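Please look at the sequence and the model shown below.

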Amino acid sequence: MDANHIILAAKAVNIPVKQVEETAKLLEGGATVPFIARYRKEATGSLDEVQITAIRDELERLSLLDARKKSIKDSLKERNLLSSDLEKSIDEAETMARLEDIYQPFKPKRRTRAMIAKERGLEPLAQFILENQNSSVSEKAGGFVNSEKEVADVDAAIAGACDIIAEIVSDDADARSLMRDYFEKNALMTSKVMFGKEEEGAKYRDYFELSEPASTAPSHRILAVRRGETEGFLIMRVLPDEIGAVSILKRRFVNGSGECAKIVERAVEDSYKRLLSPTTETYMRLELKKRADEDAVKIFANNLRELLMASPLGQKNVLAIDPGFRTGCKVVVLNRQGALLHNGVIYPEQGALKRQEAGMEVLKLCKRFEIEAVAIGNGTASRETESFINSLGLSKAVPVVMVNESGASIYSASEVAREEFPNYDITVRGAVSIGRRLMDPLAELVKIDPQSIGVGQYQHDVNQPLLKRTLDDVVISCVNSVGVEVNTASRQLLSYVSGLNASVAANIVAHRDANGAFKSRKDLLSVKGLGAKTFEQAAGFLRIRGGENPLDESAVHPERYALVSQIASDLNADVASLLKSAELRAKIDLKKYVSESVGLPTLKDILSELGKPGRDPREKFEAFSFADGICEIEDLREGMRLPGIVTNVTAFGAFVDIGVHQDGLVHISELSDTFVRDPNEVVKPQQKVNVYVLEVDKARRRISLSMKSNPQKKVMGAGDIARSGQKKPFNPTKSAPRQDRNQNINSAWTSAFDKLKF
């Protein structure tokens with residue numbers, strides 16, 4: 001652990017040095033972010049996961065910076081170029097950009113115009129011009145004319161000296177820094193259509209003549225323009241006013257008014273156009289991409305967290321249906337543990353006789369397996385299947401729930417699905433996934449690559465390592481926040497538990513299959529590969545319901561069991577009584593149990609956990625229904641007010657499912673009656689909202705929506721809505737959210753909508 005890194009990291013993340021130092025020690029010792037945040041509050045000063053992750057990432061950045069410094073110094077040493085002053089400058093560099101600026105003059109380069117001029121012996125002339133800018137140069141330059149060295153005349157000598165000066169300007173670390181600052185503040189991001197691509201690239205029409213400050217360009221437009229450029233439809237530039245940039249360089253390098261000064265001015269202009277402008281523009285393009293990536297990944301992460309933490313139905317007997325027209329609806333029955341009990345196919349959309357047979361089959365299955373909920377995938381024929389099920393007269397105690405099936409097809413064809421259901425085809429596996437998503441979204445969604453869930457923005461265009469790292473952090477955070485029942489969890493779910501990995505998770509499942517359910521947390525120590533350190537990291541996040549020790553189903557860490565037993569003993573009770581009796585817990589004086597290793601933050605967590613052992617932090621499940629009679633885009637009319645579910649939040653607005661097989665867009669300007677800077681401040685994925693239909697483009701299947709209380713478009717009254725086909729008022733107790741089946745927001749959609757004015 002580098003002491004200087006601790007100081008620099010503390011400054012970067014704005015957290016006291018002592019807290020950063022203790023966090024760094026824990027991270028270096030192999031502790032995970034969830035474990036540190038939950039069980040080491042005294043050490044870190046109660047830092048949360050976001051702060052701990054920021055410390056981790058900053059320390060890693062500094063380590064990479066140090067590695068690059070070492071590489072550069074080794075290279076310079078090999079070439080006998082490392083002076084003490086240069087080494088000091090390298091050591092003091094705080095960013096990778098500054099470090100590369102310092103190294104720039106010493107980088108091995110391909111043959112340049114300046115190198116050729118130096119080979120011709122013109123370097124002394126260049127130095128003379130720079131150092132004597134009030135002087136005349138013609139007489140001095142005459143001394144460098146040499147036909148053997150291809151310096152034909154005075155003009156050729158001065159031209160060669162200019163090339164050398166231009167490279168000196170370009171290699172100057174401070175000049176490069178000044179240019180970066182100027183570009184960052186003043187550059188415009190522009191895009192134009194590639195010649196002859198107007199028709200073929202029509203989906204990028206909004207970007208054919210785009211110009212806006214690069215410093216404020218939103219992430220989705222940056223990514224859209226870059227995608228258009230990659231596909232060959234757009235030309236993107238990121239440049240400031242040239243006059244201003246050259247003026248800055250002249251102030252740095254021109255310090256006279258003579259003939260030499262005029263030559264330096266010419267060299268500065270050439271340096272900017274030929275060397276500095278292209279390299280700084282490349283830097284700006286990379287910085288814009290980096291910023292856009294970070295914003296897009298943040299949006300994806302926020303959306304994913306909301307989806308993973310969606311309310312679970314819980315352990316119920318579920319009839320799950322993967323709907324379809326031609327091939328019928330695949331039907332499966334799952335027990336309360338999610339095990340497959342039955343599968344079959346019904347054909348409710350293939351004539352009256354088939355519909356009657358399908359109804360009888362569903363009713364028979366509901367009775368035979370004591371069905372407690374019906375899950376319907378939100379794919380093709382979903383609303384028709386929902387109407388069919390609702391027409392059967394099932395008990396009101398059996399909710400009919402629409403379930404987002406994005407990524408289900410990917411799961412059903414995956415190795416994980418084949419491992420779980422080797423004797424069933426992909427249609428059965430897909431229906432099982434739909435049912436399990438209703439029971440516990442988190443437990444099922446961890447089996448799918450997060451990028452396949454469809455809650456991101458340009459996720460295939462962004463930095464993939466950054467995306468994977470961030471999404472893994474989100475999944476790990478969610479899994480450990482909820483906790484995992486070790487005796488029923490899948491290998492995939494267990495692998496996200498703090499301290500565990502895929503190998504140890506597989507060993508836990510194998511041990512469970514061979515020896516039966518774990519009876520206590522300490523039994524985990526008999527699992528192959530699960531040692532004391534892994535147990536320390538994982539045990540508090542693993543639950544054993546009905547185990548030997550009542551604390552095993554709580555988030556109280558085994559290292560604190562003795563403390564809880566002592567507290568119970570002091571109250572003349574046992575641990576089980578302490579868990580059951582609020583009256584007993586009210587008598588606990590936490591200050592009595594503060595010690596060097598246990599402080600009030602941990603004691604408060606323990607007391608809270610004793611009151612609700614193993615509580616699920618997710619909200620209670622609440623069913624939802626779309627408007628009756630509004631099943632297709634053709635059923636929509638401008639002005640309708642409809643219930644919907646937010647399916648995706650982007651930088652330019654939110655997509656909302658209103659039950660017509662195509663999500664509508666609430667542009668950021670229509671999210672609220674007040675100004676909205678960030679859509680995440682107003683809406684979250686899975687949020688239930690009421691929207692107005694502003695515009696319906698049936699040809700392009702696009703729906704514009706508004707969440708304003710009084711949008712400018714005409715708003716339908718109750719009678720208008722009834723005549724348009726909406727038969728019943730919004731009922732929040734019938735069915736559940738559905739997300740757009742499209743896994744990615746295509747560039748055409750975003751490009752057309754991000755500038756809409758309603």
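The lining of the largest cavity divides into four nonpolar, two polar and four charged residues, where Ala, Val, Leu, Ile, Met, Phe, Trp, Tyr, Cys and Pro count as nonpolar, Asp, Glu, Lys and Arg as charged, and the others, Gly among them, as polar. The residues that line the largest cavity are R38, Y39, A555, V556, H557, E559, R560, T602, D605 and I606. Two or more lining residues come from each of the elements α3 (33-39) and α29 (600-611), and α29 gives the largest share of the lining, three residues. Helices (H or I, at least four residues) and strands (E, at least two) are DSSP runs, numbered from the N terminus.

This is a predicted model, in which local features need pLDDT of at least 70 and side-chain atom pairs count only at pLDDT 80 or more, while totals for chains, interfaces and linings use all residues. Residues are numbered from 1 along each chain as its sequence is written, and side-chain values use heavy atoms, with hydrogens and water left out.

The spaces are found on a 1 Å grid over the protein atoms alone: a cavity is a set of points where a 1.4 Å probe fits but cannot get out, a pocket is an open set with protein on both sides within 12 Å along at least five of seven lines, and lining residues have an atom within 4 Å of a point. Grid points are joined across faces, edges and corners, and a volume is the space filled by probe spheres set on the points. By this rule there are three cavities of 30 Å³ or more.

| Space | Volume |
|---|---|
| Largest cavity | about 90 Å³ |
| Second largest cavity | about 40 Å³ |
| Second largest pocket | about 1,100 Å³ |

Around the second largest cavity stand L304, L308, L445, V446, I448, P450, I453, V475 and Y496, a lining of nine nonpolar, no polar and no charged residues.

The second largest pocket has a lining of 37 residues, and Q337, A443, T488, A489 and S490 lie nearest its centre. By class, this pocket lining holds 13 nonpolar, nine polar and 15 charged residues. Among the elements that each supply at least two residues of the pocket lining are α20 (426-439), α22 (464-482) and the strand β9 (484-485).

Two packed helices are described by the angle between their axes and the distance between the axes. Axes are lines fitted to C-alpha atoms, for helices over the stretch in contact, and angles run from 0 to 180 degrees between N-to-C directions.

How do helix α13 (residues 219-230) and helix α15 (residues 259-308) pack, and at what angle? Their angle is about 120°, with the axes 8 Å apart, and α13 and α15 are therefore oblique to each other (angles under 35 degrees count as roughly parallel, over 145 as roughly antiparallel, 65 to 115 as roughly perpendicular and the rest as oblique). The crossing of α13 and α15 is left-handed, a term used if the near helix is turned anticlockwise from the far one by less than a right angle, whereas clockwise is right-handed. In this contact (heavy atoms within 4.5 Å), S219, I222, L223, R226 and E229 of α13 meet residues of α15 that include R285, L288 and D295. The residues of the contact of α13 with α15 are five nonpolar, one polar and seven charged.

Helix α5 (residues 49-78) packs with α22 at an angle of about 150°, the axes being 12 Å apart, and the crossing is right-handed. On α5 the contact residues are E49, T53, R56, D57 and E60, and on α22 they are R469, D473 and S477. This contact of α5 with α22 has no nonpolar, two polar and six charged residues.
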